[in-house]
Amino acid sequence: MRDPRRWRVPRKRLARLGRDPVVVQTLRSAVAAMVAYVIALHLSPEKAPLTAPLTALLVVQVTLYATLTNGVRRVNSVVAGVLVAIAFSLLVGLTWWSLGLLIIASLGVGHLVRVDEYVPEVAISAMLVLGVTTVGDTAWARVLETLIGAVVGLACNLLLAPPVWVDEASESVEDLARRLRQLMLRMGEQAAGHTPVERAAARLHEARRLDHDIAEVDAALRQAEDSVRFNPRVREGLLHRVVLRTGLDTLEICTVVLRVIARTLTDLAKERRAKPLFAPEIGAVLERLLSEVADATVSFAVLVTAHVSENAESAEERLTAELRRAAGTRDKLAGLLLEEVRRDPGQWQLHGAVLTEVNRIIDEMDTEHRSRRLLEELDRVSAEQRERMPRLVTRIGDGVRTGRDRLASVRRSR
């Protein structure tokens with residue numbers, strides 16, 4: 001008898017592949033190209049209308065927002081290139097010198113029509129049309145194929161809805177918080193005993209490497225932000241974007257502060273080469289404080305991503321309790337450091353810096369502080385959208401009010 005557990009892992013792998021951006025992009029691009037080619041065979045006078053599948057392949061992107069924006073610029077670039085080629089075919093034809101003039105004119109027109117990264121596509125389209133034929137009808141057939149490919153690419157994203165990458169961005173945020181937690185725990189261990197300068201410097205380099213992790217999370221978050229724009233499957237997309245973005249901003253601030261703490265501990269290790277960084281009691285309290293702050297960091301990340309899960313209320317309660325516990329430990333540490341400074345004022349600046357930076361992390365993750373930050377960011381985004389698209393002011397205002405009402409209800413429930 002076959003063990004059903006043998007098939008669990010393959011099914012999980014298939015499900016994960018079904019959500020992988022590369023797999024999704026490949027399948028959707030192939031479908032769009034095939035459909036565009038079939039339609040172009042019936043509508044275009046060309047025997048092999050490859051411009052249509054080429055356009056569909058270039059137009060289809062991972063997110064609907066990118067498809068819409070790229071589709072418009074792609075069509076503009078190709079049409080502009082075809083128009084330039086038609087003018088050259090009627091005036092001078094194809095020679096070595098007219099080719100140079102054609103490229104210069106095409107690139108100039110591309111900048112004029114503001115097709116951004118598709119400026120080279122204007123020149124490519126012009127050269128292809130001018131090189132194939134000098135007959136205007138065939139050039140216009142290329143325009144028709146381009147329109148077919150663009151329409152099919154847009155329709156593909158509407159019928160085969162692109163995935164919403166909020167879950168993946170949320171996982172990246174939580175992974176970043178866990179890496180911060182591990183680093184805090186290691187720094188707490190070195191604060192409780194004798195730490196060589198080399199080991200303290202290693203923690204400092206590890207804190208600096210977290211900048212690369214933040215860049216990766218930021219890229220995942222930008223993809224998630226694009227995936228909820230203009231996506232009919234997503235409600236309150238503005239709130240999702242703001243919640244995740246402000247959460248990442250807070251973790252980035254905590255990362256910078258943690259790097260400062262690592263630098264302070266490294267300086268302490270240089271000053272106290274043959275001694276522990278702190279007195280035994282102070283070191284034990286600081287280790288406990290960093291451990292509590294580390295746990296709160298993970299709880300904060302869970303709260304930030306709780307809009308895609310069912311544990312928002314419990315995550316907020318857990319974060320509040322952990323921050324309260326860390327604040328009590330911080331006060332105890334402040335008293336011990338004050339007594340230590342009175343006995344030995346030699347490193348009072350470094351001791352005070354450690355306490356100040358840990359306190360800053362606690363304040364950044366405070367739930368009241370976060371609520372104010374969210375409201376400010378929602379108002380800021382609303383004002384920017386109002387300036388860019390005044391016709392959508394009413395709809396955006398409704399979305400902002402919905403977000404504010406949600407935040408207010410959460411605060412009242414505490």
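The protein chain has an average pLDDT of 77, and 75% of its residues score at least 70; pLDDT is the predictor's confidence in each residue, from 0 to 100. Over residues 4–9 the pLDDT falls below 50, and this stretch has one contact in the model beyond near neighbours in sequence, where contact means heavy atoms within 4.5 Å. The model is predicted, so local features need pLDDT of at least 70 and side-chain atom pairs count only at pLDDT 80 or more, whereas totals for chains, interfaces and linings use all residues. Residues are numbered from 1 along each chain as its sequence is written, and side-chain values use heavy atoms, with hydrogens and water left out.

The secondary structure consists of 15 helices and zero strands. Helices (H or I, at least four residues) and strands (E, at least two) are DSSP runs, numbered from the N terminus. Of the 414 residues, 46% count as buried; buried means under 20% relative accessible area, exposed over 50%, and partly exposed in between, with a 1.4 Å probe and protein chains only.

The interior may be considered next. A nonpolar core is a set of buried Ala, Val, Leu, Ile, Met, Phe, Trp, Tyr and Cys residues joined through side-chain atoms within 4.5 Å. The largest such core has 64 residues, and Phe 278 and Val 293 have the most contacts inside it. Helices that give two or more residues to this core include H8 (166–191), H11 (280–304) and H14 (367–388). The largest share, 14 residues, comes from H11. Among the residues that Val 293 touches, not counting those up to four places away in sequence, are Met 184, Ala 326 and Val 358. Apart from this core lies another, of nine residues, including Ala 40 and Cys 156.

How do H8 and H11 pack? Their angle is about 180 degrees, with the axes 8 Å apart. Axes are lines fitted to C-alpha atoms, for helices over the stretch in contact, and angles run from 0 to 180 degrees between N-to-C directions. H8 and H11 are therefore roughly antiparallel to each other, a term for angles over 145 degrees. Among the residues that meet are Met 184 in H8 and Val 293 in H11.

A further example is Ala 80, which lies in helix H4 (residues 64–91). Ala 80 is buried, with a relative accessible area of 8%. Leaving aside neighbours within four places in sequence, Ala 80 is in contact with Val 109 and Val 122.

Note on methods. Angles under 35 degrees count as roughly parallel, over 145 as roughly antiparallel, 65 to 115 as roughly perpendicular and the rest as oblique.
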